[in-house]
Amino acid sequence: MNIVILGGTGLIGQALKNEFQHSHNVRTFGRAIYQDQENLLASIQWSDILIQLSGATIAKRWTSKYKQEIWDSRIKSNQILANIFGKLKKKPKVFFASAVGFYPESFCEEPLDEDFLHSGNDFLSQLSVEWEALARKISEDALIFRFGVVLSKEGGALKEMLPMYKLGLGGPIGSGKQCFPWVYIKDLVSAFNYAIDKNLVGTFNLTSPQLITQKKFGQSLANQLKKAFFLTTFEWQLKLIFGEGSQVLTKSLAIKPTKLSEHGFVFKYPQIENTLKDIFND
């Protein structure tokens, strides 16, 4: 099959490309493709599957200007796709990357899944609502994956954490009791393969079935690195660094991948200890 990955230059896009290129024809594009709509149209017409991952990173300080960039990089790109899809006779199957930030705050004792239809009220929740609404407008049979925190040594949150943890300066964020939704990138890639094979449609949480607190995650990471885990980072410190973006680290989200499991997908790395062991021994 012919697969186009938009936002394909990032961590997830590159992992999918590396997997798919063994058995499919794959083209990847960064956000610059939206400035060349003739090329974008031609690439979509060429494709059997379109994977939409576009969006500015949320893992940095949020100023008013940068919040607008986060919003525009997702919403405007989908608006452009909606216009293009309105002109197509033959439309590819479309996969969209959303996030578990859609949900309101929840705790490990009372997790939420896809049956919970009410979004949160914060910026990331509202962004997810708008993004997903446009996704459904683009394609009625779209697949929307709501990602948890994607774990990989190659990038993302784990790579950002490693320097402090390797120095033995890891510790809980605030109380550390907030639920930490995560997924190993190998399972994420496998879920995409499974969704293609089974032609899944609808909205699916893509998070590990193991619910853990941020403190449990941090302690497991420190243990894997054979380092101490004691230095608490307070919420006010994160707000000084990240502004409103600190909510990415402090919001508790207990999210279960119920629909994926019901459709027969099996996570190879459902436990954080085995995941971290595989990451650092790979």
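Q: Is the crossing of α2 and α3 right-handed or left-handed?
A: This is a predicted model, and in it helix α2 (residues 37-46) packs on helix α3 (residues 64-85). Their axes lie 11 Å apart, at an angle of about 60°. The crossing of the two is right-handed.

Q: How many residues of the contact of α2 with α3 are nonpolar, polar and charged?
A: On the α2 side, the contact is made by Gln37, Leu40, Leu41 and Ile44. From α3 come Ile80, Leu81, Ile84 and Phe85. Sort them by type and you get seven nonpolar, one polar and no charged.

Q: Where do the buried residues of α5 sit, seen down the axis of the helix?
A: The buried residues of α5 (residues 156-166) are Leu158, Met161, Leu162 and Tyr165. Residues three or four places apart in an α-helix point the same way, because there are 3.6 residues a turn. Here the buried ones fall within an arc of 125°, so they line one face of the helix.

Q: Which elements do the buried residues of α5 pack against?
A: Leu158 and Tyr165 are among those buried residues. Their packing partners are a strand and two helices, namely β6 (149-151), α7 (214-225) and α11 (272-281).

Q: How far apart in sequence are the parts that the pair of Cys108 and Cys179 ties together?
A: A search of the whole structure turns up one disulfide, and Cys108 and Cys179 form it, with S to S at 2.0 Å. Both cysteines are buried. Cys108 is in the loop between β4 (93-99) and α4 (123-138), while Cys179 is in the loop between α5 and β7 (182-184), so the parts tied together are 71 residues apart.

Definitions and conventions: Residues are numbered from 1 along each chain as its sequence is written. This is a predicted model: local features need pLDDT of at least 70, side-chain atom pairs count only at pLDDT 80 or more; totals for chains, interfaces and linings use all residues. Side-chain values use heavy atoms; hydrogens and water are left out. Buried means under 20% relative accessible area, exposed over 50%, partly exposed in between (1.4 Å probe, protein chains only). Helices (H or I, at least four residues) and strands (E, at least two) are DSSP runs, numbered from the N terminus. The arc is that of the directions from the helix axis to the C-beta atoms. Contact means heavy atoms within 4.5 Å. Axes are lines fitted to C-alpha atoms, for helices over the stretch in contact, and angles run from 0 to 180 degrees between N-to-C directions. A crossing is left-handed if the near helix is turned anticlockwise from the far one by less than a right angle, and right-handed if clockwise. Ala, Val, Leu, Ile, Met, Phe, Trp, Tyr, Cys and Pro count as nonpolar, Asp, Glu, Lys and Arg as charged, and the others, Gly among them, as polar. A disulfide is a pair of cysteine sulfur atoms within 2.5 Å.
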